[in-house]
Amino acid sequence: LIIRADIYTVWCLVSAAGGVVNMPNPLHISKDYNFEMTSLWASWQNAVGNPLEFAKVNFNLRESGRNFDVFDYPLPMSALVTTAGQGIPIEFPRGLYLFAAGADLTPQFTANAVAGALIGAAQYVCVHIGGNHIRVEQ
């Protein structure tokens, strides 16, 4: 039984040198609900229209309770953002990514050292995680 759909938004600041400046806090899933991730997309502040910029930052999620990375390989922002900085939604089949009630999801942003510095100033990168909260049967 799906109780509600929700979107979690996490962001990080990427320095002009190309390094990740801060990491977002973990997302805590309520102990009363499982969370089913159904989509993922991103946005990039002050996009410069250069798709190579977006390859400089990667994203993954770590489920802290079971201590595993959700994606086998970190996703480059170039897979999640258009050259205008708008999101490219990736949709997942229902039930593919189901997180247990009470789980903590830790967003992980990493810089691709090979890609080098950003063009221009520091920028914010946001990732939006869409999904459903499903009531845990007692």
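Ser-39 stands opposite Glu-91 in β7, and strand β7 (residues 90–91) is joined to β3 by two bridges, the two strands running antiparallel. Strands here are DSSP runs (E, at least two residues), numbered from the N terminus, as helices are (H or I, at least four residues), and two strands are said to pair if DSSP finds at least two bridges between them. This is a predicted model, in which local features need pLDDT of at least 70 and side-chain atom pairs count only at pLDDT 80 or more, while totals for chains, interfaces and linings use all residues. Residues are numbered from 1 along each chain as its sequence is written, and side-chain values use heavy atoms, with hydrogens and water left out.

**Strand β3 and its partners**

- Strand β3 pairs with strand β10 (residues 123–135) in the antiparallel sense over eleven bridges, and in β10 it is Val-127 that stands opposite Ala-42.
- Strand β3 also pairs with β8, again in the antiparallel sense, over three bridges, and here Met-37 stands opposite Tyr-97.

**Aromatic pairs**

- The structure holds six aromatic pairs, where rings of Phe, Tyr and Trp (its six-membered ring) pair if their centres lie within 6.5 Å, with planes under 30 degrees apart counted as stacked, over 60 as edge-to-face and the rest as tilted.
- One of them joins Tyr-8 and Phe-35, whose ring centres are 5.2 Å apart and whose planes stand at 75 degrees, so the pair is edge-to-face.
- Because Tyr-8 lies in strand β1 (residues 2–14) and Phe-35 in strand β3 (residues 33–44), this pair ties together parts that are 27 residues apart in sequence.
- Both Tyr-8 and Phe-35 are buried, a word used for under 20% relative accessible area, with exposed meaning over 50% and partly exposed in between (1.4 Å probe, protein chains only).
- Phe-71 and Tyr-97 form another edge-to-face pair, at 5.5 Å centre to centre and with 70 degrees between the planes.
- That pair links distant parts of the chain, 26 residues apart, with Phe-71 in the loop between β5 (68–69) and β6 (75–76) and Tyr-97 in strand β8 (residues 97–99).
- Phe-71 counts as buried because its relative accessibility is 7%, and Tyr-97 is likewise buried, with a relative accessible area of 18%.
- Ring pairs also bring in Phe-92, linking Phe-71, Phe-92 and Tyr-97 into a cluster.

**A polar contact to Tyr-8**

- His-133 lies in strand β10 and is buried, with a relative accessible area of 2%.
- The side chains of His-133 and Tyr-8 are joined by a polar contact of 3.3 Å, the term meaning a pair of N or O atoms within 3.5 Å, of which, within protein, one must be able to donate a hydrogen and the other to accept it, and residues adjacent in sequence count only if both atoms are side-chain atoms.

**Cysteines**

- A search of the whole structure finds zero disulfides, a disulfide being a pair of cysteine sulfur atoms within 2.5 Å.
- The closest cysteine sulfur to that of Cys-12 is in Cys-126, at 8.5 Å, which is too far for a bond.
- Cys-12 counts as buried, at 0% relative accessibility.

**A positive phi in a loop**

- Most residues other than glycine have a negative phi.
- The phi of Asn-67 is near 55 degrees, a positive value in a residue other than glycine.
- Asn-67 sits in the loop between β4 (57–63) and β5, and is exposed, with a relative accessible area of 53%.
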